[in-house]
Every structure is written in C-alpha cells, then in structure tokens.
Amino acid sequence: MPVQAAQWTEFLSCPICYNEFDSSGHQPISLGCSHTVCKTCLHKLHRKACPFDQTPISTDIDLLPVNCALLQLVGAQVPEVQTVSLSSAAEVEHYEVCRMCVEELALYLKPISGAKGVANLSPSVLSRPMQRKLVTLVNCQLVEEEGRVRAVRAGRSLGERTVTELILQHQNPQQLSANLWAAVRARGCQFLGPAMQEDALKLVLLALEDGSALSRKVLVLFVVQKLEARFPQASKTSIGHVVQLLYRASCFKVTKRDEDSSLMQLKEEFRTYEALRREHDAQIVHIAMEAGLRISPEQWSSLLYGDLVHKSHMQSIIDKLQSPESFAKSIQELTIVLQRTGDPANLTSLRPHLELLANIDHNPDAPAPSWEELESVMLAVKLVVHGLVEFIQNFSKKSHDTPQPQANSKYKTSMCRDLRQQGGCPRGTSCTFAHTQDELENKKTGGLYLRCFVATVIVALAASA
C-alpha cells in the first residue's frame, strides 16, 4: 500500500524515517518519479519500487547519485566526485552541467531555518509558487529517463512563473484593481466587495440549493430584499450583475418558456457554497486573463476575500486555467511592458531563453529530451530565474507592505463565548462568532422566508399581467 507523501516544505528530511538528510547514513536519493528518500530506507524496501506511487526503480540503488543540491541546503558535506552510470563520456559531461545548474538554482531556497528537516522558506527573495516549482526541479533524478522528462517540464513551469512574476513586478496594484473591475463590468457582471458578494452568493444558494427553478427577476428580488437590511446600497441592477457572473460561469440550467421568463435552476454540482464560490472565482480569474491582467494569488485573496488566507485556493484556480498558449502570450505581454518602462534591468535579453522554455512540450507523454536539449533547458532556467532575482533585488519598486485583512464577513451561527463570559472579545471584528443577534443566520427561517417571498412575488406578477 502506498505511503502518504510528505508536505512539499518538508523536502530536507526523509519522508519515511523523518531523519534530516546528511552525508552519511541518510543520504538523499531522488528517484525517477521525483520522490526523494534516504539511502538507508531505500535499501529496506521490500520491493524495488517507490513507496509513494509504486513506480518501479529500474536502476540499482547504489548507482543512483546522491542529491547534492539537498545536501548543500542542510549544510552537509557534499561529495567532490560521484560516479554516474551513463552510456558515454559526452552524456556524463551534459549531466554534470545540468547538475551544477540545479545546485545553483537550489541556493535560492536559502536561507533555511525552523524545525529539523523542515524548510522555512518565507525569507527567500522568491515567491512561494516559485519556491515550490524549484523544489520540484531539485528533486528530479537526471540519470533516469523519466527524471529528465520531469526536469524539462519543471523547467518550463519555472519559466512560465518567472514571466508572471516579472509582469507582476511592473504592475501598479491600485491601477490593477481598477482595470480588473472595469473588465468585469464590461462583461455585464459586477463584484460588490468581499462581504456583500459573499452574502449575495449565499442567498442565491439559499434560494436554489434544493433544486428550485426561479426566474431571474424573482431570484434578484429575493436577494435584494434580504440584503437591504445589512447593505442599503443593494439594488436590482447590482445583484442582477452578480447573477450574470454566475450565468457566465455556466452555474445555471436554464429552461426557456413560451411568452414568459426563463427559469434558472442551479446545477447539482454547484449546490454547495464551496463549489459555487470556486466557479464564481474562476470566472473572475478567467475574465482577468482575457483582459491580459496578471494578478498574484495574494492579490486575488485580498481583492475577492479581503484577507490573505485564500492564497492557495486562488493559486489552484490560476493553475487550472493556465493553457499551453498562455506562456507564449505572457512573454509578449512582458515585452510590451518592458518597452513601456524602458527596461533598465535589460530583461529583454531573457526573451530567447523564455521562448525556448515555452516551446517545451508540456504533455506528460512527450518523448524524453536528448541530453543536449536537457542542458539547454537547465541553462535557460538558471538564467531566467537569476534575472528575476536580480530584478527584485536591484530594480523592483513594488511595496512590500502586505494588505491588512478586513473584518471577517462570514455567516455566524453561534454567539462568541468570550463576549458572553468576559464581556469583551480580543478578536474584535475578525472573530468568527457572532457578537450581536443580527449577525446570526438562521437557514431554516431563511428557507421559510424564501417560499413566502416567492409566493408573494408570483401573486403580484399575476395580478399585474
């Protein structure tokens, strides 16, 4: 039975015995599938296969080279010479060039501190997505064919993220926000702010989660009337634009009726808040990409949620929406940005290397690269990542201030115990529990209210017909 893989930040210790890698009993050995295990644990395996994904280990364990990039990160002694089993001296030369490139790139994961075997990567000049992609490359076993395939894909991914980071470095966050909402409005949609948007989406869900089919007019009127007590600015137009956003995201099953309004029914897969919100967020990200905007996961979290705790959620949406063509398009966008700014760091010189990485076949079934191709990819990755680091350290004018999280706006279903027992709450407006009776949401009452409301609207519409 496969073993549970470790978290990606725990790449400095063996995921089986949990000992930090060293140069004696716990030497890090990377496998073709990119999992890294200490040599002692590999020799104890009952069958010659990766304990995490059961990929067969085709090369003798004693012939697999030690991962020196990881050894240098833990401060262990690195072997001066390692014998590798390859077909020719020319392949060994290519391997050595590629290995040195990876080891130089691995140094960007420093400084490292924290618990034993766990990397605390926050002080790094590179963003967390860049660090994660770099860890993937560092764990590739280059003497294995599958490892080389994974290495070129990791190199392409690093190059693509580098372009995005450089575009982000040149953007004005305030102007970016204005451009985003302008792009959303241009498509007949609207975002009302983190708190109001969340309430609106939850009310749409409340109206339709049981499979009900309502006309757009009835749905909008219901949401507006429920929202008005907390958000007086709620209007039929603004809520209609929120419903339009969900419509663009294909969240509704629409039934047309002769000489009457169409009925909208929420598709079954979107009848939970998490699923509906993810599709809603993905639609806004898609609109931003169509408008040529590049927004970091941190910025997305702040814009859509008013906090920074949804970075991973937004990153997963961004990754899912990436297409093979988006890399080449991003290179063109970066070129335009550099022409506008004068390019003081001479980032234009990176374009040939970025284009080389963009031309890599991203398909998992792509043929293995030749040693010459692998060497050119590793050299290109080293140059573009180095160019990004140099720009951030010497030319970046972006503010490093992190946006302050806004007040917690989630529905609250129980009263705060600290407030009740001590008369005050140290968390203030960020508390996830209710401080007043108005903050409590009663779903059952809401459902009863909806049914009464729909009946009233239907009667009114019939009377006016």
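Which element gives the largest share of the lining of the second largest pocket? I found that α5 does, with nine residues. Before going on, I noted that this is a predicted model, in which local features need pLDDT of at least 70, side-chain atom pairs count only at pLDDT 80 or more, and totals for chains, interfaces and linings use all residues. Residues are numbered from 1 along each chain as its sequence is written, and side-chain values use heavy atoms, with hydrogens and water left out.

**Entry: the second largest pocket**

I looked up the volume, and the second largest pocket has about 1,200 Å³. Of its 45 lining residues, R132, K133, T136, A154 and S157 are the closest to the centre. The elements giving two or more residues to this lining are α4 (128-138), α5 (145-169), α10 (273-290), α11 (297-305) and α12 (311-321). Sorted by class, the lining holds 21 nonpolar, 14 polar and ten charged residues.

My terms, for the record: on a 1 Å grid over the protein atoms alone, a pocket is an open set of points with protein on both sides within 12 Å along at least five of seven lines, a cavity is a set where a 1.4 Å probe fits but cannot get out, and lining residues have an atom within 4 Å of a point. A volume is the space filled by probe spheres set on the points, which are joined across faces, edges and corners. Helices (H or I, at least four residues) and strands (E, at least two) are DSSP runs numbered from the N terminus.

**Entry: strands around β5**

How many bridges join β4 to β5? I counted five, between β4 (residues 252-257) and β5, and the strands run antiparallel. (Two strands pair if DSSP finds at least two bridges between them.) Along this pairing, V254 has M264 in β5 as its bridge partner, and F252 stands opposite L266 in β5. The hairpin of β4 and β5 has two residues between the strands, and E259 there takes a positive phi near 55°.

I then turned to β3 (residues 213-215), which pairs with β5 (residues 260-266) in the antiparallel sense over three bridges. Here S215 has L263 in β5 as its bridge partner.

**Entry: the cavities**

I found two cavities of 30 Å³ or more. The largest cavity holds about 150 Å³ of space. It has 14 lining residues, and V66, N67, Y95, R99 and C140 are the closest to its centre. Both α2 (68-73) and α3 (89-106) give two or more residues to this lining, with α3 giving the most, four residues. By class, I have nine nonpolar, three polar and two charged residues for the largest cavity.

What lines the second largest cavity? I listed I331, L334, T335, L338, L347, T348, R351 and L354, around about 40 Å³ of space. Here α13 (324-341) and α14 (351-358) each supply at least two residues, and α13 has the largest share, four residues.

How values were computed
Ala, Val, Leu, Ile, Met, Phe, Trp, Tyr, Cys and Pro count as nonpolar, Asp, Glu, Lys and Arg as charged, and the others, Gly among them, as polar.
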